[in-house]
Amino acid sequence: MTPDPDWQRHLQQLAPMTASLAVQTTVDVDALPVGPWQGLGVLALWAAGALAAAGWLLEARDA
């Protein structure tokens, strides 16, 4: 995505795919961009954001 390693790590820490894989990992946890519990938190934030966006869309479209 980006050639800068610092930005790559930040993007990996925010990505839902990396977070979900971190939740499943039990070996070599220190090499991951996020830990298992932090990954679960990232997934929860993505889910909350998706639910909030869906609620807003339902309200906006008057469905």
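Q: Which residues in α2 meet which residues in α3?
A: In this predicted model, P16, A19, S20, A22 and V23 make up the α2 side. The α3 side consists of P36, G39, L40, V42, L43 and W46. Meeting here means heavy atoms within 4.5 Å.

Q: What is the make-up of the contact of α2 with α3 by class?
A: There are 9 nonpolar residues, 2 polar ones and no charged ones. Gly counts as polar.

Q: Why are α2 and α3 called oblique to each other?
A: Their axes cross at roughly 140°. An angle has to be over 145 degrees to count as roughly antiparallel, and 65 to 115 counts as roughly perpendicular. The pair is therefore oblique.

Q: How close do the axes of α2 and α3 come, and which residues do these helices span?
A: The axes come within 8 Å. Helix α2 covers residues 16–24, and helix α3 covers residues 36–61.

Q: What is the hand of the crossing of α2 and α3?
A: The crossing is left-handed.

Q: What makes α-α-α the pattern of the chain?
A: The chain has 3 helices and 0 strands. Read along the sequence, that gives α-α-α.

Q: What share of the 63 residues is buried?
A: Buried residues make up 13% of the chain. The cut-off for buried is under 20% relative accessible area.

Q: Why is A15 called partly exposed?
A: Its relative accessible area is 23%. Buried would need under 20%, and exposed over 50%. A15 falls in between, so it is partly exposed.

Q: Where does A15 lie, and what is A15 in contact with beyond its neighbours within four places in sequence?
A: A15 sits in the loop between α1 (5–14) and α2. Its contacts beyond those neighbours are V42 and W46.

Q: Why does D28 count as exposed?
A: D28 has 55% relative accessibility. The cut-off for exposed is over 50%, so D28 passes. D28 is placed in the loop between α2 and α3.

Technical notes: Residues are numbered from 1 along each chain as its sequence is written. This is a predicted model: local features need pLDDT of at least 70, side-chain atom pairs count only at pLDDT 80 or more; totals for chains, interfaces and linings use all residues. Side-chain values use heavy atoms; hydrogens and water are left out. Axes are lines fitted to C-alpha atoms, for helices over the stretch in contact, and angles run from 0 to 180 degrees between N-to-C directions. Helices (H or I, at least four residues) and strands (E, at least two) are DSSP runs, numbered from the N terminus. Angles under 35 degrees count as roughly parallel, over 145 as roughly antiparallel, 65 to 115 as roughly perpendicular and the rest as oblique. A crossing is left-handed if the near helix is turned anticlockwise from the far one by less than a right angle, and right-handed if clockwise. Buried means under 20% relative accessible area, exposed over 50%, partly exposed in between (1.4 Å probe, protein chains only).
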